[in-house]
Amino acid sequence: MAISACNTLRRVDEDELLLTRNTIYADDEKVIDADIRSLIVQEPNSALLGYPLRLNLYNLAKENPDSSYQAWLNAKPRRAERLASLLSEKQVARLGESFLVKGYSEWLKNVGEPPVIVDTAKSRKTLLRLSSYYDSKGYFNNTTTYEIDSTKRKQRAEVEYRISLGPGYMIDSLGQDIESAAIDSIYALNKTGSFLREGQQFDLSNFNLERERLTTLFRNTGIYNFQESSITFDIRRDTSQTDIDTDMEVTMNIENLRQRGDTSSTRTTYKVHRLEKVNIYADYGPEMVGSELQSVDYDNYTIYFQDKLKYKPKALTDAVFLAKDSVYREIDQLRTYRQISNLNTFKYPNIELVQDSTRTKLTTNIYLSPRPKYSLGVDFDITHSNIQRLGVGFSTSLISRNIFGGAETLSLSARGTFGLLSDESLPEDYFSEWGGDINLLFPRIWFPVFDTKKIIPYYMLPQTRISAGSSFQKNIGLDKQTFNTIFGYNWTPSTFRKHALELLNIQFVRNVNPDRFFNVYTSTYNRLDDIADDFQDDPTLSEFFEETNTPGDPRLIIPAGTRGFIQAVAAGDINVSREQQLEVNRIEERRERLTENNLIFTSNYTYSRNNRAGLTDNNFYQLRLKFESAGNLLSGIANFIPFDKNDSGNQLVFGVPYSQYMKTEVDYIKHWELAGEDVLAFRTFVGLAVPYGNSNSIPFVRSYFAGGSNDNRAWNPYSLGPGRTQTLNEFNEANFKIAMNLEYRFPLVGNIKGALFADAGNIWNLWDNVDDPAATFNGLESLEDTALGTGFGLRYDFTYFVFRLDYGFKTYNPALEPGSRWFSQYNFANGELQIGINYPF
């Protein structure tokens, strides 16, 4: 209320104007290009949904808190004397420097913004910038003016910048003057890729692009010492005519290498260089300088070392792309840097190029400084959740490098969490979870059948990963025991593309206490107990019930009563209605699926692509495609080796029915940078897992859920869907998911950021054993069950990570009756607070 009531013009003098808007017109056409608008020197105060929040925060601060404090202190006789007798004179002086008296005003000034007063000097500077920009686009005769409009609101003004472009200048002819014969020959072979064309309008950015293209070209065709400054352009215009001639003659000049000495500079002709020798210094350190070294020649490389070579020569030479007798290429040097760093065995390498007297041959020295053989890491966590009242966790990892002499990395890790449960109604009040993993990483594609080097070269940073691990739970859910192993590959053809292929991903999940199902999934139990209430007076069922504190409302005994009642319904011993029988069947199907042990034997492939240039790039996209196949290998083996079967006809491996399904996912993210630091972020996700063959449903651990801090933030995790069902269970999941998120991010105060978001999506059952029409996807009409959540968020940017608070409102809830779905739960009572680390997408 204080912020809303303060006067926006409080710090604006009567002879000053508060800047409220800038507008640019080029030939009377409004300019909205963000790059051009960024040339404006003086911008209005920032606003949140049109409200100048930071300006009004600044206005709340006292202009002179010291004077205000002294005026208050001396406003009444003897006030200062009484305070001094109570606190002491020194403390009275410190009171004037305290946060409540002075500090909060300084804080408001720091987080706020002073009013932006129209400054004509800055407006003229903006005109110079705009004129220079359009000069760079070929409008050399442009003229610029600005107007200040202060007639719309009191003491406020808008500034209009107008540019008359004039005719655009065109490239009439292109020529070149190249001093080096080698450079001239290379240019002639690659001329067609030029960014400059005859008949093209002058654009300075094209000249810069052409200079960068040629520099990259020459440095990758043997000219190792080529300097970009050697390329210049002569541009001539005919100014002798009375009429404006917009034709331009362009000559590209490539001079020889300029080298500066102590007293003068000389020019050296550029020549093509070849690599005469490549030396690799393994385990390089200060102790090797001046020492007698041993050496071994391998595959045209010379490897130097002290005492004993700790690495297989092939492991070192495979990481080096600078080859003897080859033409020098800068890309080979960069790939060598990347691959050696990818080995995770050496620190960032040092590559030295030594030129011979003929200036045509190079000796390459590669110095490899080793990382420590062993590394030990320890982490400690304290956690709290709706399941864990208090949890204490730890993890430790041991890394051993160059385990087999081929730059392999072995890592061993262990983790454990112990604490108190939140649900005090359970007989146990503690929980524990512990596990461990072993990972072996090879810096190459390890495939015993054939050599993959030609298909996936080493510059793509290939890796082979073999891992195995397990985890054990106590007093959490059904107390799962999980065993998993992975054999897979990944490689990165470029900074923007990545491939991951897991030939084998095997996971075995064992439920230790399946009889606790109805203790854990209480919503499912309550639905079954409600049905059983209609038959509590049947004497044949009395053994299934136990008395409670509520007279006349006995409850089913877990697990004997629940099991017995379900069996009685299935056998037809109870006269239940058709709806009740369907509901009991669905409960039993869910119980069987969530309590059965799972053997998941999969292969999967993931392709990732993005075009983000760096952490500060807010105009980019990310695409992830994944395809997974489960159970096909075992199904093929079953054609030769007969497997045992259970009562349902499912084939068993080690007494467990193996899962069989196909799964596909598409995840796309797009960011747009708006004015200032504002960003619009969009994400869409579609995932489908189809069971077949040996399965009629998807394992719980591979199914989809909706809701949560990174999904639809108006619902808690697992609480949305499937379809239009109303949170039937504690953990609602399905095999088909659609999600779309749109978020507008903007700065608020200092490192505090704000966001407005809209999340849409849901989960459904599709082509599995669920027959509830409210939970299944039955065509395009089922899209009416897409939930919509909207809300706002606050984030604090700690530079290395972002702490996030989001509050989501149920805007459209498909679980309600059709007439009540829109906005009926749009209030704080039905909203959800989500806590997250970093941005959701």
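The model is predicted, so to speak of local features a pLDDT of at least 70 is needed, side-chain atom pairs count only at pLDDT 80 or more, and totals for chains, interfaces and linings use all residues. Residues are numbered from 1 along each chain as its sequence is written, and side-chain values use heavy atoms, with hydrogens and water left out.

Let's begin with helix H5, residues 79-87. Helices here are DSSP runs of H or I with at least four residues, strands are runs of E with at least two, and both are numbered from the N terminus. Which residues of H5 are buried? They are Arg79, Leu83 and Ala84, where buried means under 20% relative accessible area, exposed means over 50% and partly exposed is in between (1.4 Å probe, protein chains only). Looking down the axis of H5, you'd see these buried residues fall within an arc of 130°, so they line one face of the helix. That arc is taken from the directions from the helix axis to the C-beta atoms. As background, an α-helix has 3.6 residues a turn, so residues three or four places apart point the same way. Over on the other side of H5, Glu81 and Ser85 are exposed. After H5 comes Ser88, with a positive phi near 105°.

Now for the rings. Searching the whole structure turns up 50 aromatic pairs. Rings of Phe, Tyr and Trp (its six-membered ring) pair if their centres lie within 6.5 Å; planes under 30 degrees apart count as stacked, over 60 as edge-to-face, and the rest as tilted. One of the pairs is Phe535 with Phe565, tilted, at 6.3 Å centre to centre with 45° between the planes. Phe535 sits in the loop between helix H14 (522-532) and strand S22 (545-546), and Phe565 in helix H15 (residues 560-571), so the pair ties together parts that are 30 residues apart in sequence. Both Phe535 and Phe565 are buried.

Phe736 and Trp764 make another tilted pair, 5.9 Å centre to centre and with 40° between the planes. Here Phe736 belongs to strand S31 (residues 736-749) and Trp764 to strand S32 (residues 752-764), 28 residues apart. Both Phe736 and Trp764 are buried. Elsewhere, ring pairs join a cluster of Phe517, Phe518, Tyr521, Tyr525, Phe700, Phe705, Tyr718 and Phe731.

Some rings have a charge over them, meaning NZ of Lys or CZ of Arg within 6 Å of the ring centre and within 35 degrees of the ring normal. Lys737 lies over the face of Phe705, 5.7 Å from the ring centre, and Arg713 over the face of Phe757, at 3.9 Å.

What about the surface? Residues including Ile752, Tyr796, Phe798 and Ile837 make a nonpolar patch of about 1,100 Å². Strands S33 (787-797), S34 (802-812) and S36 (832-837) each give two or more residues to the nonpolar patch, and S36 gives the most, with three. Patch residues have over 30% relative accessible area and no salt bridge; like charges are joined within 9 Å, and nonpolar side chains (Val, Leu, Ile, Met, Phe, Trp, Tyr) within 5 Å. A salt bridge is a side-chain nitrogen of Lys or Arg within 4 Å of a carboxyl oxygen of Asp or Glu, and accessible areas come from the Shrake-Rupley method with a 1.4 Å probe. Phe798 is in the loop between S33 and S34, partly exposed at 41% relative accessible area.
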